[in-house]
Amino acid sequence: MTAGGTKLITADFILRNTEAISPPLIPELTLHLATEATTLWQATETELEQHGLPPPYWAFPWAGGQAVARYVIDNAPLVAGKRVLDVGAGSGMVGLAALWASAATVISNDTDPVAAIAIALNAETNGLQAGLTIAIRDMLDEPVMAEDGGPLYDTVLAGDICYERSMSDRMQAWLQRHADAGALVLVGDPGRTYRPTGGIALCAHYDVPVSLEIEDSELRRTAVWRLTGTAEAAAAATPEAP
């Protein structure tokens, strides 16, 4: 990927290839999203791929992200007044939901530089720029502890991050470190192959409307899981003495 290639992709590219709509499960937000996956994928091939840029995952309201965003809005005290990290942010939907629910600060993290443009545009559309930082880099080797020994973030959110093994393994290990540090870690997943299977507690289930162009059904049963800390998981696995 070249810096020059990234500069050629602007907010106008996103506006030309998306519509301002609300995700089915999140009527509180208006996002610039693709309504025809094929059209945008063709634009990817002609305008993004030639510059070495990844597919536009930021243009779709993935089921796991919708579920986490809905859960956060419905349970605002989990983020209100808190430091929030949204990992694999894509469109910024989950982090913007946290800001809508009165998070003090949100870092929306992704590795795609075009996602940064989409997140900024979506934040402006919803009037949710205050408190938002956009971080475009791989954070999965970064610290999880603050200088005072507490968690670096109060709440860590991740929607639909378990679709590829190597990335999912790295992500889950890093999220576990956040949970062990004392952060609340919530993961949304519609049953992806590499989803976490242990050290998790179910928070909620949602039936999320999705497009058949990006999923195998029009409705995905999607869970929001809380990652338990290692000590908590060990305690739960230890049988009580008679």
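## Strand E7 and its partners

Let's start with strand E7, which covers residues 184–189 and is mostly covered, with five of its six residues buried. This is a predicted model, so keep that in mind as you look around. E7 has a neighbour in strand E6 (residues 155–159), and the two pair in the parallel sense over five bridges. If you want a spot to check by eye, find Ala-158, which stands opposite Val-187 in E7.

E7 also pairs with strand E9 (residues 219–227), but here the two strands run antiparallel and are joined by four bridges. For this pairing, look at Leu-186, whose bridge partner in E9 is Arg-226.

## The chain as a whole

Now zoom out. The chain has 242 residues, and buried ones make up 48% of them. Its secondary structure comes to eight helices and nine strands. The chain exposes about 11000 Å², and carbon and sulfur atoms supply 53% of that area.

Strand E4 spans residues 105–110 and strand E5 spans residues 132–136, and they pair in the parallel sense over five bridges.

Among the buried ones are Val-114, Ala-118, Ile-119, Leu-121 and Asn-122.

Both ends deserve a look. At the start, a side-chain oxygen of Asp-112 reaches to within 2.9 Å of the backbone nitrogen of Val-114. Just after the helix, Gly-127 takes a positive phi of about 65°.

Where does His-32 sit? Its place is in strand E2, residues 31–33. His-32 counts as buried because its relative accessibility is 9%, below the 20% cut-off. Its side chain makes a polar contact of 2.9 Å with the side chain of Thr-125.

Leaving out residues up to four places away in sequence, His-32 touches several others, including Leu-121, Asn-122 and Thr-125. Its other contacts include Ile-14, Leu-15 and Thr-18.

Helix H5 (residues 93–100) holds Leu-99. Is Leu-99 buried or exposed? It is buried, because its relative accessible area is 9%, under the 20% limit. Not counting residues up to four places away in sequence, Leu-99 touches Val-106, Leu-128, Ala-130, Gly-131 and Leu-132. Leu-99 and Val-72 are 27 residues apart along the chain, and their C-alpha atoms are separated by 9.7 Å.

Finally, have a look at Ser-102, found in the loop between H5 and E4. With a relative accessible area of 48%, Ser-102 is partly exposed. Its phi is near 75°, a positive value in a residue other than glycine. Most residues other than glycine have a negative phi.

Note on methods: Residues are numbered from 1 along each chain as its sequence is written. This is a predicted model: local features need pLDDT of at least 70, side-chain atom pairs count only at pLDDT 80 or more; totals for chains, interfaces and linings use all residues. Side-chain values use heavy atoms; hydrogens and water are left out. Two strands pair if DSSP finds at least two bridges between them. Buried means under 20% relative accessible area, exposed over 50%, partly exposed in between (1.4 Å probe, protein chains only). Contact means heavy atoms within 4.5 Å. Accessible areas come from the Shrake-Rupley method with a 1.4 Å probe; for residues, only the protein chains shown count as cover. A polar contact is a pair of N or O atoms within 3.5 Å; within protein, one must be able to donate a hydrogen and the other to accept it, and residues adjacent in sequence count only if both atoms are side-chain atoms.
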